Every structure is written in C-alpha cells, then in structure tokens.
Amino acid sequence: MITTTDKVHLKCDCVDGSIVNGIREIVFSYNLSAPPGYKIIKEPKIILYEKINKTRLESIQFFLEDPNHNPVEFNSETLMFTIQIIKN
C-alpha cells in the first residue's frame, strides 16, 4: 500500500507542544523524504523540551498523524523513538 502522505506529526497526549486548532500536542514533525519501503531516520536539529500537562504521569500515548489529522500507518512496521523526561 503506497501512501500519499508527505508529512507526519508525532503527537503525545500529555505535553504542551505545538498548537494545532487550539490543541497543544505535536511533539515532532517531519517530511517523508524516502519512498515506501525505505528506512526513515529523522533527528531534530534543535531539541526542545515541552512541559507535561499532567500532575501524575501514569501513561503516555503517542500517535502519528498527517497534516489533515488522519492516522498514519506504516503497514505494521516497527517504529522506534526516544523520549527524555526531566523532573523540574
């Protein structure tokens, strides 16, 4: 299945990140620069730390969406990313 998506937003349910339609949730955005079937490796040029908007962190939900807020699927491929949480 070939996707027409060219940009992906990594979103999180517990951070005050970038604002989209009044909702703060985008942690990282990137363009898909490789054709389907190729490994994609992306690193931010600048690391920004976002404030967690929960007083107690019991779970974190991450999800990928295109610019139209549709879920992005990578055909059951394994996705890996690293987060860093710092207690202030």
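Visitor: How many helices and strands are there in the chain of this predicted model?

Guide: The chain has 0 helices and 4 strands, and from the N terminus on its elements run β-β-β-β.

Visitor: Where in the chain is confidence lowest, and where is it highest?

Guide: Confidence is lowest in strand β2, residues 18–20, with a mean of 59, and it is highest in β4, at 85. The chain as a whole averages a pLDDT of 77, and 83% of the residues score at least 70.

Visitor: Why is Leu57 called partly exposed?

Guide: Its relative accessible area is 35%, and because buried means under 20% and exposed means over 50%, a value in between is called partly exposed. Leu57 lies in the loop between β3 (23–31) and β4 (62–65).

Visitor: What makes a set of residues a nonpolar core, and which residues form the largest one?

Guide: The members must be buried nonpolar residues joined through side-chain atoms within 4.5 Å, and the largest such core has 6 residues, namely Val8, Leu10, Tyr30, Leu32, Leu64 and Val72. In soluble globular proteins, nonpolar side chains tend to be buried together.

Visitor: With which residues is Leu32 in contact, leaving aside its neighbours within four places in sequence?

Guide: Leu32 is in contact with Thr5, Asp6, Val8, Ile40 and Phe74, and among these Val8 is also listed in the largest nonpolar core.

Note on methods:
Residues numbered from 1 in each chain as written. Predicted model: local features only at pLDDT ≥ 70, side-chain atom pairs only at ≥ 80, totals over all residues. Heavy atoms only, no water. Helix = DSSP H or I, 4+ residues; strand = E, 2+ residues; numbered from the N terminus. Buried < 20%, exposed > 50% of the residue type's maximum accessible area, 1.4 Å probe, protein only. pLDDT = per-residue confidence, 0-100. Contact = heavy atoms within 4.5 Å.
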